[in-house]
Amino acid sequence: MAEALLNWKGRGRFHAESAGSRPAARVNPDAIETLREYNIPWCGRAPRSIDGLERERWDFVVTVCDRAKESCPIFPGQPILAHWGMPDPAEIEGDAAAKRAAFRDAFVLISRRIDLLLAIPLEKLERLALEARVRAIGNG
């Protein structure tokens, strides 16, 4: 959901890609349905692993679950690193309504955090100040 949201809200300012430390075989249908509910376009990519990402250059690397933070590789080019921890909605137990609610809650949290990221004057801040601002988003 974060990839789709940042690509949509960023309107070309960012090119986001997501990956997981233990990606599922397919995108969770509740994630797809949540994106549809909020009219966010989704390109239908299959989940991808973080394996091999350390060979690509990234400007920002944002982890959203603790497993990803712990298994995040070392990236070349010193990207801005931040952790925006949150519960994984796919791990919520309960009926279909509880699971859909967990995905909606995750969507709203990610959306708010992306709004904060997009409000940062990236080109006006030095690297350390920028990294501190991006990291602080996950603390709020």
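Student: What does tryptophan 84 touch, not counting residues up to four places away in sequence?

Tutor: This is a predicted model, to start with. In it, tryptophan 84 touches Val62, Thr63, Val64, Arg113, Ile114, Leu117, Val134, Ile137 and Gly138.

Student: And which residues have the most contacts inside the largest nonpolar core?

Tutor: Trp84 is one of them, with Leu6, Ile114, Leu117, Ile120 and Val134. That core has 22 residues.

Student: Which elements give two or more residues to this core?

Tutor: α1, β2 (80-83), α4 and α5 (127-137). The largest share comes from α4, with six residues.

Student: What does the second core include?

Tutor: Ile50, Leu53, Trp58 and Phe75 are among its five residues.

Student: Switching to α2. Which of its residues are buried?

Tutor: Ala31, Ile32, Thr34 and Leu35, in a helix that runs over residues 29-37. They are on the same side of α2, because they cover an arc of only 160 degrees around the axis.

Student: What do they pack against?

Tutor: The buried residues of α2 pack against α1 (2-10) and α4 (96-119).

Student: What caps the N-terminal end of α2?

Tutor: Asparagine 28 does. One of its side-chain oxygens lies 2.7 Å from the backbone nitrogen of aspartate 30. After the helix comes asparagine 39, with a positive phi near 60 degrees.

Student: Back to threonine 34. Where does its side chain reach?

Tutor: To the backbone oxygen of aspartate 30, at 2.7 Å. Threonine 34 has a relative accessible area of 2%, so it is buried. Beyond its neighbours within four places in sequence, it contacts Met1, Phe103, Arg104 and Phe107.

Student: New topic. How many aromatic pairs does the structure hold?

Tutor: Two. In one, the rings of tyrosine 38 and phenylalanine 107 have centres 4.1 Å apart. Their planes are at 15 degrees, so that pair is stacked.

Student: Where do the two residues of that pair sit in the chain?

Tutor: Tyrosine 38 is in the loop between α2 and β1 (60-63), and phenylalanine 107 is in helix α4.

Student: Is phenylalanine 107 buried or exposed?

Tutor: Buried, at 4% relative accessibility. Tyrosine 38 is partly exposed, at 34%.

Student: Last one. What sits over the ring of tryptophan 8?

Tutor: The charged end of arginine 11, 5.2 Å from the ring centre.

Conventions
Residues numbered from 1 in each chain as written. Predicted model: local features only at pLDDT ≥ 70, side-chain atom pairs only at ≥ 80, totals over all residues. Heavy atoms only, no water. Buried < 20%, exposed > 50% of the residue type's maximum accessible area, 1.4 Å probe, protein only. Helix = DSSP H or I, 4+ residues; strand = E, 2+ residues; numbered from the N terminus. Arc of directions from axis to C-beta. Contact = heavy atoms within 4.5 Å. Polar contact = N/O pair within 3.5 Å; in protein donor to acceptor, adjacent residues only side chain to side chain. Phe/Tyr/Trp six-rings, centres within 6.5 Å; stacked < 30°, edge-to-face > 60°. Lys NZ or Arg CZ within 6 Å of the ring centre and 35° of its normal. Core = buried A, V, L, I, M, F, W, Y, C linked by side-chain atoms within 4.5 Å.
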